Amino acid sequence: MIIPMPKRGDQLLFVGILTLTAMVISLLFYSLLWKAGNLIDLPHLRLGFYNFCLWSEDTGSLHCYQFPELEELGVSQIGLALARLCVYGALVFALFAPMPLLLAWCNSNEGEWQLAVGFLSMASMLLASGLGVFLTHAWKWVSLSLLGSGFLALSTAQVLLLLLLMAMAVFPQKVWKDKKAESWPCLMV
């Protein structure tokens, strides 16, 4: 008796989607936890979601500002809190995405797939919003040449999220018809 084998291209596409999801999560962890959310980390300037340190000519060292002083510099407390909430919320939504992806693949459930798409869409919107809000509030101290690896990781994660959402939009249209017609186990090798 011949057992029909599914196309390997669908499995490779799904593994690629999981790999992109893992890359996004890794980049967000690197930037937000390992680099502590610092977008600029130089000896004379450190700007991030929790650090706002400028060079002080009087002391000859970095002076880290807290909120009463930050408001005098023109940085809104609400704006910075909103930027933190958005960017770190993107990490949380990205962390929730892999489980519905695996469940959707194993159960051939389009609803679970749409849940994963929703989590990644929210992560993408929150990341872009948080970066935008932070950069608008800190723009007078930021130039493109000063932005460091934390910013590069966040912007790469944003690009990968958009690529991931495009791949996920194409994937179910192609696969759900094939998977429902055939009955085969989850992630068969």
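**Exercises on a predicted model**

Alanine 36 sits in the loop that joins helix 1 (8–34) to strand 1 (38–42); helices (H or I, at least four residues) and strands (E, at least two) are DSSP runs, numbered from the N terminus. This is a predicted model, in which local features need pLDDT of at least 70, side-chain atom pairs count only at pLDDT 80 or more, and totals for chains, interfaces and linings use all residues. Residues are numbered from 1 along each chain as its sequence is written, and side-chain values use heavy atoms, with hydrogens and water left out.

**Exercise 1.** Describe the backbone and exposure of alanine 36.

Step 1. Most residues other than glycine have a negative phi. Step 2. Alanine 36 has a positive phi, near 60 degrees. Step 3. Its relative accessible area is 33%, so alanine 36 is partly exposed (buried is under 20%, exposed over 50%, partly exposed in between, with a 1.4 Å probe and protein chains only).

**Exercise 2.** Locate the salt bridge and its partners.

Step 1. The structure holds one salt bridge, defined as a side-chain nitrogen of Lys or Arg within 4 Å of a carboxyl oxygen of Asp or Glu. Step 2. Aspartate 41 pairs with arginine 46, and their closest N and O atoms are 3.1 Å apart. Step 3. Aspartate 41 is partly exposed at 43% relative accessible area, and arginine 46 is partly exposed at 26%.

**Exercise 3.** Which residues of helix 4 are buried, and how are they arranged?

Step 1. In helix 4 (residues 98–107), the buried residues are Pro100, Leu101, Ala104 and Trp105. Step 2. Viewed down the axis of helix 4, these buried residues fall within an arc of 135 degrees, so they line one face of the helix; the arc is that of the directions from the helix axis to the C-beta atoms. Step 3. Serine 108 follows helix 4 and has a positive phi, near 50 degrees.
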